[in-house]
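Try each one yourself before you read the solution.

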Amino acid sequence: MRCLRQLSLASLCVTAWALHESDVGVVDWNTKLIGVPLHGSPHTAPAFYGDYILTATSNNVLAALNTTDGSIVWRSICDTEDPIMAFSHSDNSVSSLSGPGGSILRTYDLKTGHLMLEKQLHKPVDGRLHEPQNLGISLLRSTDPSLNSTVYFALTNGDSVTRLDEAGETLWSWNSPDQASLVLYSHIIADPSTVYLVGLAKSFASYTLHVTTLSVNTGEVIASVNIPANIKDETSKFVVVSSQIGPTTTVCVNWLEDGVLKAAVLTPDLKGQVMALPGVKYVRISEFGLSNNGQFLAIKEGGAAHVVHFDVQASSLQPIWEFGDVAPSQAQSDSHFVGSLSRDGQPQVARVYWSNAHNKVIHQTLAIDLSEGKASASGFAFPFETHEYGVIRHNTRTLLTTTTGSIQLWQHDKMQWVREEALASIQVAEFVEIPEKKAVMSHAVVDEEGYFERLQRQLSDAKVQANFARRFATGSYATVTTSAASSSDEDTLTRDAFGFRQVIVAATAYGKIFGIDSSNGRVLWSRVLGLGWAAKVGGTIIPIKMFVTRTVSDPEGPQIVLVTQRRADNSLIDTVLFHVNALTGDDVRDEHQSIPGAALEGLDAVMGPLVDVFMLPNENRTIVMLDEYLQARLYPDTPSAQAEFESFAPSVHLALRADVSGRRQVLGHQLALNLELSQFYVAYPTWTLSLPPKEEINNIIPNTRGPVASIGKVLGNRMTLYKYLNPHLTLVLTSSPPSSTCGIYVLDVVKGSVIYHASVPAASGVCDVQATLTENWLVYHYFDDDFSGTGQSKGYSVVSVEFYEGDGPDDKIQSSELSSYSNKTLHVSTYEQSFIMPHGITAISPTSTKFGVSTKDIIVANRKNSIQSIPRRLLNPRRPKHKPTSEEQEEMLVQYDAVLPDDARLVLSHNYEVANVRRIVTSPSLLESTSLVFVYGLDLFFTRIAPSGTFDVLSENFNKVQLVLTVAGLGIAIMVTKPMVQRKRLREHWYQ
C-alpha cells in the first residue's frame with residue numbers, strides 16, 4: 001500500500017514536467033571532465049601507452065584518454081578521503097595505490113576501465129601523512145618467471161612492502177622495525193632475486209641514505225645499511241636508476257653532496273663503495289622518465305644540463321649529452337624534460353621551453369644510441385598561445401599541461417586537440433542574458449540611406465514579413481523543447497525566443513575565466529587572469545565572488561565583475577577585481593587593448609585579504625568590499641556611486657564571524673563614517689551571538705532573494721497563512737566536535753534574533769549539512785547516524801521548514817515591510833517536517849523564475865552522480881499524517897510519507913553521469929514557467945525545468961494548422977454572411 005501511495009504521489013508531481021527521451025541532448029547537455037593532471041610526481045604524471053594517455057588528476061580521478069581526439073576512454077573517480085598516490089600500467093591493465101599511506105590497491109582493465117582487483121593493504125586510519133602526500137608510496141609490477149604471471153610490489157606508509165600475486169593474494173609482507181620513525185623509504189626496485197628499498201635516514205646533523213634488500217621469494221631481510229652521505233634536508237632529491245642486462249638488474253643510487261655528484265652501486269649484500277664524478281659542480285639532479293633505463297638529468301652551476309648515463313659494465317656514471325643554458329632568463333622560460341624509449345628500445349630525451357626571441361615554443365629531441373656511444377639532436381618550433389593557455393607546466397612527449405589547466409597534444413607545429421580541464425575546478429559561475437537579434441540597419445537613419453541601402457532594407461523587411469506569414473500559416477513557431485542554438489546563430493551571439501540561450505561566465509581555480517554558451521556547452525571565449533606585479537615572484541588567482549553589474553537593458557551591454565584574491569609566492573595577499581564584457585571577454589577597463597586576447601589585468605582594489613563583499617541594489621550596482629580592518633571599499637569608486645552608497649549605508653546589515661577568547665561568535669555589523677578613524681565607512685558591531693564552547697562556524701549563507709508573487713497561502717477553510725518575508729534573514733551552519741553535532745541557525749541580521757535553531761548529529765564527527773533558504777522556506781540535509789530514538793536507523797534526512805507570520809492563520813504582521821527593531825519580528829509560526837532521502841546529496845538550490853509565480857522546486861545533486869528535482873509538494877511540511885480532508889485536498893496536500901520517492905522521472909540528468917557536484921546555479925528565463933539550471937563540479941551539466949508545467953506556452957501537440965484554418969474559415973463565413981445580414985435588415989426596415 002505504501003509503495004502504491006509513493007508511486008501515485010510521484011506520478012502527480014512529475015506529470016507536468018517529466019523529460020521525454022527525445023529531449024535528451026536538445027534541452028540539456030553534459031560535459032565530462034577528468035581534472036588537471038598531477039605532474040609533481042613521476043608516479044602520477046601522464047604516461048603514453050599505445051593509443052592511450054594514462055594520468056591521475058587533481059580531482060582524484062584516474063583516467064585514460066584517446067590519443068587521437070582526446071576523448072575520455074574511461075575514468076575512475078575516487079572519494080576525497082581516498083586520494084590517488086601512484087599508478088603503473090602493463091600490457092592489459094592499470095594498477096593504482098590510493099588512500100592514506102597507499103592503503104588500497106586497485107587494478108583496472110586498460111581498455112574498458114572495469115575494476116578487476118581491489119585489495120586493502122592496511123587500514124586507512126593507520127596511514128601516515130607525509131609531505132608531499134605520496135612520499136613513501138610506490139607501486140612496482142613485474143613478471144614472475146616461475147609463475148609466468150604478474151606480481152605486485154607495493155611500498156606503503158614509507159615503511160611497509162607487500163608482495164601480491166595477480167589475484168591480489170598476499171604472498172608476503174615486510175614492515176620496517178622503526179615504522180618510519182628514523183628511515184622513510186621512497187623507492188622500490190626489484191629483480192628476479194632481490195627487492196631494493198632506498199630512503200632517507202635521520203642523523204644528528206643531516207640526512208643520510210639507507211638501503212634495505214629483501215628476498216623476492218620470502219621477504220626476508222638480506223642486508224640493511226646506511227650509505228655515507230650528507231644530505232642537508234629531506235626535500236633534497238636523490239635519484240635511483242637501474243639498468244638491466246639479461247635477467248640481472250643493477251641498481252645505482254645518486255645524490256649531490258656539496259655540488260659533487262656521488263653514486264653507489266647496489267648489490268644484494270650491499271657491499272660496495274661510494275664513487276664520485278669529479279670536475280663538475282651540479283646544483284640539482286632529477287628523474288625525467290628514464291630511470292629504469294639508467295639515465296637521469298643533472299643541472300650544472302652555469303645553467304647547462306647533462307644527461308647522465310649509468311654504465312653497468314663499467315659501473316660508472318658518464319655525461320652523454322649537454323643541453324645549453326636551461327635556466328629561466330629574459331630570453332627563455334624554464335625547460336621541461338621528459339624521456340622515453342624509441343621503437344628500437346633506444347632512449348630519447350625531449351626538451352620543451354618558451355623562447356621570447358622567437359615568441360614560440362621550442363621542442364628539442366635528443367636521440368641516443370648507447371651501442372654506438374653517439375647522440376643526435378633535432379628540433380622544431382610551434383606557435384603556442386601563451387596569452388590564451390598560460391605557461392607550460394609539464395610535458396610528456398608532445399602532451400603539454402599548462403598553468404591554466406589545459407591539456408594539449410601537438411604533432412610538430414600542429415595542435416591535434418585541447419582539453420580545458422580547468423573547468424573541472426570552477427569556483428564561481430553566473431548566468432548572463434544576451435541581447436536579441438538586431439536589425440540589419442536601424443530605421444532611425446532612413447533619411448540618410450541611399451537607393452541601394454533602401455532597397456536592401458525593404459527586401460530584408462519583406463523577408464521578415466514573409467517568414468512571419470509562413471510561420472503563422474504553418475504554425476512552425478519555436479517550442480520549449482527545441483534547441484536554443486540555431487545554425488544561423490553560430491557566428492552571432494543572439495537570444496532565442498524564450499531566453500533559454502544565455503552566457504554562463506565561469507571562473508576557475510587555475511586563473512582562467514570562461515564564457516560558455518548555455519545552449520550547447522561550447523566555450524565562446526576564455527581569458528587568462530593576469531597576476532599583475534606578482535608575475536615576477538609567482539602566485540595564484542583565487543576567485544571569490546562574481547557579480548553581474550550590467551545587463552542587456554543597460555546601454556553598456558552585459559558585464560560582470562570578478563572579485564579575486566591574489567596569493568603571491570612571497571606570502572602577500574591582495575584583492576583584485578576583473579571587469580569583463582560578458583559577451584566577448586574583453587576588459588571593460590581597458591578599451592584599447594594593445595594585444596587582442598592578452599591576459600586580463602585586474603584592478604588592485606584592496607591591499608590585503610577580504611572579509612566580505614556584496615553588491616548594492618542601486619543604479620550603479622556598486623560593489624562593496626570589507627577589508628581586514630572592516631573598511632568599506634567601493635567599485636566603481638565614483639562620486640555617483642559614493643553618493644548612492646551613503647544613502648544605502650544605514651540600511652546595510654552584515655553578519656560576520658569572530659573569535660573572542662577562544663569562543664566563536666557571530667557579530668552583527670552596520671556601516672558608519674567616522675573621519676577621525678578612517679576616510680572610509682567602517683563596519684562596527686551592533687550585536688553578538690556567542691556560540692557554545694568549541695562550536696565552529698562552517699558557513700554563513702544569505703537568504704536567496706528574488707521576486708515574490710504571493711505573500712500568503714490560502715487554506716482550504718479560506719483562511720490565509722502569511723509568509724514570513726523578513727529580507728534580513730541569514731542562515732548560519734556550525735559544527736561542534738566535542739558533542740558531534742551540527743547547528744543550523746536562522747538569524748535576523750539587524751538585531752541578532754534567532755528565528756530558528758536545530759541541532760543534528762554529525763556523522764563520524766563530520767558536519768556535511770547542505771542547506772538553502774529562500775523566501776520563507778528552509779531546507780537542509782544531513783546524515784543521521786544516531787540510534788537514540790525508538791525505531792531510529794541510519795539514513796539521509798531532509799528537513800523542510802516554513803515560516804509564517806503571527807501565531808496562526810490570518811495573523812498578519814507585514815514582515816516584509818516591518819522594521820526589524822520591532823518586537824513583532826519574533827511572532828513567527830514554524831511548520832517543520834523531516835523526510836528520509838534515499839541518497840546523500842552534495843549540493844542543493846531552489847529554482848528561480850522571472851516573476852516568482854511558478855512553484856519553487858528544490859534541485860539536488862546526489863551521491864549517485866545524478867541531478868534530481870524534488871517538487872515542493874513533496875516537501876510541504878504541512879502534509880497531513882492522515883487521509884487528507886476535503887479542505888486539505890483543495891490545498892493539493894497529500895498524505896505524509898516519511899520516505900521521499902526514488903523515482904527516475906524526478907532525475908533531470910537521466911543517464912548522464914554528473915560527478916562530484918559542488919554547486920547548482922539557477923536562473924530565470926523569459927518564460928515565467930521555466931528555470932535554467934547549471935551544475936558544476938568535476939563535470940558540467942545544463943538543463944531547464946518547468947516546476948509548474950509550461951503554462952505560458954502552447955503544447956507541441958496543439959494543432960496550430962487547424963486553428964489557422966478555423967480562423968480563416970470563420971473569416972470567410974463572416975465575409976459571406978455579412979451582406980446577407982445587411983440585406984435582411986434592409987428588408988425588415990422597408991416592411992415595418
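Helices here are DSSP runs of H or I with at least four residues, strands are E runs of at least two, and both are numbered from the N terminus. Keep in mind that this is a predicted model.

**Exercise 1. Work out how many helices and strands the protein has, and what share of its residues is buried.**

Start with the elements: the protein has six helices and 63 strands. Next, go for burial, where the cut-off is under 20% relative accessible area. By that rule, 51% of the 992 residues are buried.

**Exercise 2. Find Thr44 and decide whether it is buried or exposed.**

First, locate the residue: Thr44 sits in the loop between β1 (29-31) and β2 (47-49). Then check its relative accessible area, which is 3%, so Thr44 counts as buried. Now see what surrounds it, skipping neighbours within four places in sequence: the contacts of Thr44 include Leu38, Ile84, Phe87 and Asn134.

**Exercise 3. Trace the strands that pair with β32, and say how they run.**

Begin with β32 itself, residues 406-411, where five of the six residues are buried. On one side, β31 (residues 399-402) is antiparallel to β32 and joined to it by three bridges. Leu400 pairs with Gln408 there. The two strands make a hairpin with three residues between them, and Gly405 in the turn has a positive phi of about 90°.

Now take β33 (residues 414-420), which is also antiparallel to β32, with six bridges between the two. Here Ile407 faces Arg419 of β33. This hairpin has two residues between its strands, and His412 has a positive phi near 55°.

**Exercise 4. Look at the backbone of Pro636, Met892 and His910: what stands out?**

Step one is Pro636, in the loop between β44 (632-635) and α4 (639-648). Its bond to Tyr635 is cis, with omega about 0°.

Step two is Met892, a non-glycine residue with a positive phi of about 65°. Look for Met892 in the loop between α5 (886-890) and β61 (919-924).

Step three is His910, again in the loop between α5 and β61. His910 isn't a glycine either, yet its phi is positive, about 35°. With a relative accessible area of 23%, His910 is partly exposed.

Key. Residues numbered from 1 in each chain as written. Predicted model: local features only at pLDDT ≥ 70, side-chain atom pairs only at ≥ 80, totals over all residues. Heavy atoms only, no water. Buried < 20%, exposed > 50% of the residue type's maximum accessible area, 1.4 Å probe, protein only. Contact = heavy atoms within 4.5 Å. Pairing = 2+ DSSP bridges.
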